[in-house]
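Have a look at the model first, then read on.

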Amino acid sequence: MNGVPHIQVTDLTYRYEPDAPKALDTINLSVPRGQFVAILGHNGSGKSTLAKLLNGLFLPTEGTVHISGMDTRDDDKIWDIRRTAGMVFQNPDNQLVATEVYDDVAFGLENIGVPPDDMPPRIDEALALTGMSEFKNRAPHLLSGGQKQRVAIAGILAMHPEALILDEATAMLDPQGRKEVLQTVRRLNEEQGITVVWITHFMEEATHAQRVLVMDHGQIAMDGSPREIFAQVDRLRDLRLDVPPMTQLARLLKERDIDIAPDVLNVEELVKEVKRLCPLCLKN
Amino acid sequence: MRDITLGQYYPVDSPIHRLDPRTKIILIFLYIIAVFLVPNLLMYIPVAAYLMLAAWLAKLPFSMLLRSLKPMRILLIITFVLNLFFASGTQKLLQIGGFVLWQEGLLTALTFSLRLILLVTGSSILTLTTAPVTLTDGLERLASPLKVIKFPAHEMAMMMTIALRFIPTLIEEADKIMKAQTARGADFETGNLMARARAMIPLLVPLFISAFRRAGDLAMAMEARCYRGGEGRTRLHKLAYTKRDVLAFLSILLLYAIILLPRML
Ligand SMILES: Nc1ncnc2c1ncn2[C@@H]1O[C@H](COP(=O)(O)OP(=O)(O)OP(=O)(O)O)[C@@H](O)[C@H]1O
Ligand SMILES: [Mg+2]
């Protein structure tokens, strides 16, 4: 498997109907194993469509999608692909199936035919990794949005995935829930080496990725590190996107002649800059 | 409202709670037949005793059983009164003016009411002692031999599970929509039946639309989680008959023996 990119998209075009416009237009993309990729793009730019092609929920109109070398159009491989490339959706209410957290995490395992005796350790591990162990007997409707999303992630983790695709998994959450989910996913990426495709409208979240893709009209308009991408303020504005709030702040300060690095990405980096500029601001 | 998923499940630990759900479903079935087979009023005593024994073993308070009868009270009264007054027979018990109370009338009235009471409380023991999910599991297993005649046993169970999962979510949503509409001056409380039904339309339309959207989302999410129907699927909860289940089956045989043997001898 070494050497094969984890996700390989080649000349991918997708139309919802034969005569509909292209929702995706000749996309080429290669994601190495263990990378954390954020995908940005305005409404209707094709992010969700791409996500659904990555685990074979949709099949390419033209071109190919390979996951660990497996073609999503290969009928024999499709369940392997869906198992190893798990997907979390936007609405936390509409992806949990069972009436208890524990049973819901079991759902995927039941689907792939794991023997009943092997399930409990896998479920317990997945719940522990997402910090949901203490809620295992809760009914889903009694959980917060962030907790529901973590259950959804646990349901995928139990299947021992290699990639996680999250399509605006934080869009319907409050700030606390967003933080919970992002932290959980970052930890899984760092500690378990799981490849992450993180689709979002929050620029701040994208700053934590290793790589940022910006989509526009079904094409990949920008591809680079967060620092490279968010330095291009005008280009982003053309694509109807903002820069992250902390970057915006640093730029405004810079314009007012404060000697701050203009490429600050997130709160952690801003704190570092403030400490550098003003040692007196430090407590103790 | 939030506890609706629990339905009327009474969560304590008892030998009856721990019976295999399949056993309980079959037993209730046999019990219902037994109630209909009872040959005379006297023989309702062992059936009632059997019921009380089960309720006692299940640690169900008597009030829970009575509560299960509450929705039936009108039907019970009607059954009793109709059978009492409109039967005719040979043995006069009482005559007031043109109205005659026949002994046969009293007997049928008692028989029918008792039957109804025993049926309702009996089946409520099943739902009181079995969690809805376990019940679904049991039904699926019991119905799975019918798959050979294309009966969708797995699909039926899956539908019940999803319904149980989403009923509270939809109730919450209905509540939210209702509050939003009330804030805009909608009135769900007053007016005659027609007016109230009409007031429900602005509630039901968005509720249905959202339910369909949820169904679409859920189908996609289930597919992403490798769901492909019942074929090749394993289950987390194993069902296994134990000695307890054997005892339960023997007990119902005993009940049949008590009811039927005197007639055969
Ligand atoms: N089910 C569908 N049927 C037909 N066309 C669709 C469907 N879903 C999306 N499209 C079209 O495909 C294009 C890409 O949509 P997509 O949902 O992938 O965008 P997106 O980037 O996820 O947007 P958003 O940020 O709003 O989620 C849009 O032009 C959209 O109108
Ligand atoms: Mg989308």
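Predicted model: local features only at pLDDT ≥ 70, side-chain atom pairs only at ≥ 80, totals over all residues.

Buried means under 20% relative accessible area, exposed over 50%, and partly exposed in between (1.4 Å probe, protein chains only). Residues are numbered from 1 along each chain as its sequence is written, chains are lettered from A and ligands numbered from 1 in the order written, and side-chain values use heavy atoms, without hydrogens and water.

A:E110 sits in helix 3 of chain A, residues 101–111 (helices are DSSP runs of H or I, at least four residues; strands are runs of E, at least two; both are numbered from the N terminus). Setting aside neighbours within four places in sequence, A:E110 has contacts (heavy atoms within 4.5 Å) with A:M119 and, in chain B, G232, R233, T234, R235 and L236. A polar atom of the A:E110 side chain lies 2.8 Å from the backbone nitrogen of B:L236.

Now for chain B itself. Its order along the sequence is α-α-α-α-β-β-α-α-α-α-α, and its C-alpha trace spans about 70 × 55 × 35 Å along the principal axes. Of its contacts with a separation of 6 or more, 74% join residues 24 or more positions apart.

| Chain B item | Value |
|---|---|
| Helices | 9 helices |
| Strands | 2 strands |
| Buried residues | 38% of 265 residues |

Terms used. Polar contact = N/O pair within 3.5 Å; in protein donor to acceptor, adjacent residues only side chain to side chain.
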